Amino acid sequence: MSTDQVLVTGGGIGGLSAAVLLARRGVRVRVLERSPEFAEVGAGLQLAPNITRMLDEVGVLDRILPLSVQPRRLVFRNAETAEELTHLDLADARRRYGGPYLVLHRSDLLRALLEAAEAEPGVTLHTGHEVTGVTDGPDHALVHCADGTEFRAELVVGADGLHSAVRAHLVDDEPLCSGYVAYRGAVPIEQVAHRASMDDVVVWMGPGLHLVQYPVRAGRLYNQVAVFRSEQYRRGERDWGTPAELDRTYAGMCDEVRAAVPALGRDHRWPMYDREPLPNWTRGRLTLLGDAAHPMLQYLAQGAGQALLDGAALADALPPGRPWASHDLGAALREYEAARVGFASRVQATARVWGDIWHVDSPVSTLLRDEVFRSRDVHDYHLVDWLYGPAVSA
Ligand SMILES: Cc1cc2nc3c(=O)[nH]c(=O)nc-3n(C[C@H](O)[C@H](O)[C@H](O)COP(=O)(O)OP(=O)(O)OC[C@H]3O[C@@H](n4cnc5c(N)ncnc54)[C@H](O)[C@@H]3O)c2cc1C
């Protein structure tokens, strides 16, 4: 058995982008994906300037721009009254942060990453390989798959998502259920009778719920995500977040929000999980990235973006040449963690708080939230500077 330089478990956005970024630094990478093909769910994704700036630097941005939409504004509305409370001017944000704010279909991003990975001679891709365990050793780590195959690598990068098999070797923790559930999907634009806007990302905030709407695939599809807190979950019912509960929860909202609900696919729902942030992501020759390292609630629209940044930081940290001696690899992984753990943990923690603000349900908290949003100067970026920054112009 030969020894790979890097073996990445999981071929999602995080795993494939890491493979591309590592290969461009001359690192040879093998990716093991458990599904029969590399695929994403049929829904949209927002990529803020902190992510598109990096994608531009590594030459991936040009691949996704033709299929993306660059919205004019990120708008926040009250889901009961329909009132527009505040917005972020995304053209202004592009100037300030040096990268566009994009919305696109997940499969368009994954396809671009897959094509970029296939074009790299240093990347070997496998589908149908479910990783079941990892054995760490002084000179290499051994990766075990469900079909009995084994692979040896100098470094194993767990990019296998929320229920990561690699993470289970580093820490004994479990995903935390938020009790919220999402229904989502991108459908042909003509199937959506009431569109909030073709120019904006619109977030409708209501009691224990929110709806996000935006166009994707160069405006040919409309993406909608309806999220709500399940009372059936709170009561301990086994079947929770059902389509009937979706309809009940959204029934009291304004006309525009209620009109969105019939266009949502009902055959699949996504219960929302995260985990507590970890102080480090590495043990020996094993490390983590993306949702395997820092699964977060999606309210800052940063999970995939943070996975992309992880891959870039790992590629920056790994030393040239091979084989990697344990101490060189250890130093490189400490550098990777120093660049990423604190920041990603802050995004994880802030996403929870942001969701709590959106979902307030008492009349007093709603009044206060709306007043704070209303009185915000739309040119004030202090709440997002830490996330989208550094600012390249004032
Ligand atoms: C409703 C919703 C909206 C969101 N919106 C945004 C947004 O607008 N912007 C944003 O940046 N993020 C968003 N996110 C978050 C984003 O989807 C995730 O953070 C991102 O997909 C994580 O990518 P990943 O590659 O780390 O993990 P995953 O996407 O989970 O990929 C993991 C891959 O590993 C494979 N795998 C799993 N186990 C194994 C195994 N044992 N062996 C081999 N392969 C395995 C899986 O099949 C999968 O292909 C959203 C999430 C949700 C739920």
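Modeller: Before we start, helices (H or I, at least four residues) and strands (E, at least two) are DSSP runs, numbered from the N terminus. This is a predicted model, where local features need pLDDT of at least 70 and side-chain atom pairs count only at pLDDT 80 or more, while totals for chains, interfaces and linings use all residues. Residues are numbered from 1 along each chain as its sequence is written, and side-chain values use heavy atoms, with hydrogens and water left out.

Colleague: Good. Where does Pro390 lie, then?

Modeller: In the segment after α12. Gly389 and Pro390 are joined by a cis peptide bond, with omega about 5°.

Colleague: Next, the inside. Which residues have the most contacts inside the largest nonpolar core?

Modeller: Val6, Leu47, Leu55, Ile64 and Leu318, in a core of 70 residues. A nonpolar core is a set of buried Ala, Val, Leu, Ile, Met, Phe, Trp, Tyr and Cys residues joined through side-chain atoms within 4.5 Å. Buried means under 20% relative accessible area, exposed over 50%, and partly exposed in between (1.4 Å probe, protein chains only).

Colleague: Thr52 and Leu55 turn up in α2. How many residues of α2 are buried?

Modeller: Seven of the nine in α2 (residues 49–57), so that helix is mostly covered. The buried ones are Pro49, Asn50, Ile51, Thr52, Arg53, Met54 and Leu55.

Colleague: What covers them?

Modeller: The cover includes β3 (44–47), α3 (61–64), α4 (90–97), β6 (102–105), α9 (303–317) and α12 (385–388). Just after α2, Gly59 takes a positive phi of about 80°.

Colleague: Which residue other than glycine has a positive phi?

Modeller: Ala82 is one, with phi near 75°. Ala82 is in the loop between β4 and β5 and counts as buried at 14% relative accessibility. Ala301 is another non-glycine case, at about 55°. Ala301 sits in the loop between β16 (286–288) and α9 and is partly exposed, at 22%.

Colleague: Switching to sheets: what's the strand order in the open sheet of seven?

Modeller: It goes β5-β4-β12-β13-β14-β11-β15, with mixed pairing. Two strands pair if DSSP finds at least two bridges between them.

Colleague: Why is one side of β5 and of β15 left without a neighbour?

Modeller: Because β5 (84–89) and β15 (270–274) stand at the edges of the sheet, each with a single partner strand. From one strand to the next, the twist averages 20°. Helix α4 packs on the sheet, touching β4 (73–78) and β5, and its direction makes about 35° with that of β5. For those angles, axes are lines fitted to C-alpha atoms, for helices over the stretch in contact, and angles run from 0 to 180 degrees between N-to-C directions.

Colleague: How does β11 run relative to β15, parallel or antiparallel?

Modeller: Antiparallel, with four bridges joining β11 (residues 176–188) to β15. Leu176 stands opposite Asp274 in β15.

Colleague: What about β9, which of its residues are on the covered face?

Modeller: In β9 (residues 141–145), Ala141, Val143 and Cys145 are on the covered face, while Leu142 and His144 are on the uncovered one. Strands β8 and β9 form a hairpin with four residues between them. So do β9 and β10, where Gly148 in the turn has a positive phi of about 95°.

Colleague: Last one: is Gln348 buried or exposed?

Modeller: Buried, with a relative accessible area of 2%. Gln348 is in helix α10 (residues 326–358), and a polar atom of its side chain lies 3.1 Å from the backbone oxygen of Arg275.

Methods:
Contact means heavy atoms within 4.5 Å. A polar contact is a pair of N or O atoms within 3.5 Å; within protein, one must be able to donate a hydrogen and the other to accept it, and residues adjacent in sequence count only if both atoms are side-chain atoms.
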